[in-house]
Each structure stands twice: as C-alpha cells, then as structure tokens.
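Q: I have a model to read and would like to learn how to read its features. Where do we begin?

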Amino acid sequence: MLNNIKVVLVETSHSGNIGSAARAMKTMGLTKLYLVAPKHGIDEQAIALAAGADDVVKQAKIVPHFDDAIADCSLVIGTSARLRHLQNTLIEPRECGEKVIQMAKCGQIALVFGRERVGLTNEELLKCHYHLTIPANPDYSSLNLAMAVQLVCYELRMAFLHQQSLPVSTIDNVDTLATAQELEYFYQHTEQLYTKLKFIHNQGVMQKLRRLYHRAQVEKNELNILRGMLSAVEKSLK
C-alpha cells in the first residue's frame, strides 16, 4: 500500500531539502520520491542530510514537468496555504492520511509539495484533487519543506497502521480510478468540444468543471462513458 504513494517535490531550490525530505519519508516507510525540475540536483549535501536515507535520494526520479510526475496517479493532493480560493477542496493532514491510505489500494497517489518560497502555481493546484493545509499557529506558521513532509508522512503512517489492524472483511474494495493523464485528455477533449459549441467563453468554466470531476473521483469505466458521450456529440455535429 505504501509503495503506491509518491512524494513529489516541485522545483526545490536547495539540494539539502531533498535529503531532509527523503529522511522524513523513510522514517515513516515511504520511499518513492519524485523531483520536478530541481534547481540543484542530487549532490553531497543532499546525501549528507538524508542521514541514512540516501537510497531514497539516489532512487529519486527526476522529471522536467509537473504533469510527468502525476501522470499515472488516480489521486493528487497538493499542499497550499491559499485558503480563500480552495475552500471546497481543503483537507488537513489527518484526513489526508486516511484518504490516501484508503485510495492507495487501487492506484498511485501523489503528495505534492511546492517551491520553498512560492509554493504551487494556480495551474498546478487546479490539477490536484485536494489541497492540504497544515493548521499551524497563525502567529507563527513557518514550516520548512522537510518539516511539512515529516508531518504529512507521519499521518500517513498512523492511518496505515490503523488500516493494518482492521479485519480483512472490514476493508472496502475500491474501484480503479482514472489517472491524472487520462483526466487531462478528457479535459482537453471537453474544452475543445464545448468551445466549438460556444458554451465555453473563458477559462473559468473549465476550472469549475475540473473541480467538479475531481470531487466526483471518476472511475476508469465512468470516464470511458463520458468520453463516449463527447464523441457521440462530435459525430452528430459532423
């Protein structure tokens, strides 16, 4: 179950943060680390601060774009401090842990941490199903990257241990969900068709549709039906 969970660090500025995050992951049983266009690659400082988790660092996958890191994931959770615009999709670490462990039975999960100074972009946040916020002291909410990774990974560990203690009969089966890449193809198809039908006049409509489908947690067979509906409309138009 834990092998289906990846931690994604986007454009880290300091290599030491990569090592510290890897250390935080390994102490909680997570080993899959993805790096999106890091400013500095794996170096001696990253290995030193990994403090024994250098295997996680050395096996980390480096990808050029955000989409490459989440393409095969059926659930993407991005960290964000932008509370005002994301109210419908906000979750806290404990709920995040429970949700991730439940969904990890049926596919890959990505926990995304943004740039040290500016976090994730609006475009990246739109591609996340949920947005994780840490309810820290509002008078001093300063958490460095490794601290945030450690806190979230701890809640995953606690949810995992609880799940392991349950009788097998109480663990629900979860149908396979559509991956981020499959949903992205669907969104592109939807936008092209609805624009042709003059239904979409601005990006605000697609942003709302993305949030709607993310909340629905669309399964692969359901997505096939939706894409079939789009194709049927296109065929009628022709």
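Q: Among contacts between residues at least 6 apart in sequence, what percentage join residues at least 24 apart?
A: A contact means heavy atoms within 4.5 Å. In this chain the share is 85%. The model is predicted, so to speak of local features needs pLDDT of at least 70, side-chain atom pairs count only at pLDDT 80 or more, and totals for chains, interfaces and linings use all residues. Residues are numbered from 1 along each chain as its sequence is written, and side-chain values use heavy atoms, with hydrogens and water left out.

Q: How does the radius of gyration compare with that of a compact globule?
A: The radius is taken over C-alpha atoms, and the globule rule is 2.2 Å times the number of residues to the power 0.38. For 238 residues the rule gives a value near 18 Å; the chain has 19 Å, which agrees. Along the principal axes, the C-alpha atoms fill a box of roughly 60 × 45 × 35 Å.

Q: How many helices and strands does the chain have?
A: Both are DSSP runs numbered from the N terminus: helices are H or I, at least four residues, and strands are E, at least two. Here there are 10 helices and seven strands.

Q: Is Thr79 buried or exposed?
A: Buried means under 20% relative accessible area, exposed over 50%, and partly exposed in between (1.4 Å probe, protein chains only). Thr79 has 17%, so it is buried; of the 238 residues, 45% count as buried. Thr79 is found in strand β4, residues 73-79. Leaving aside residues up to four places away in sequence, Thr79 touches Val112, Phe113, Gly114, Leu120, Leu125 and Leu132.
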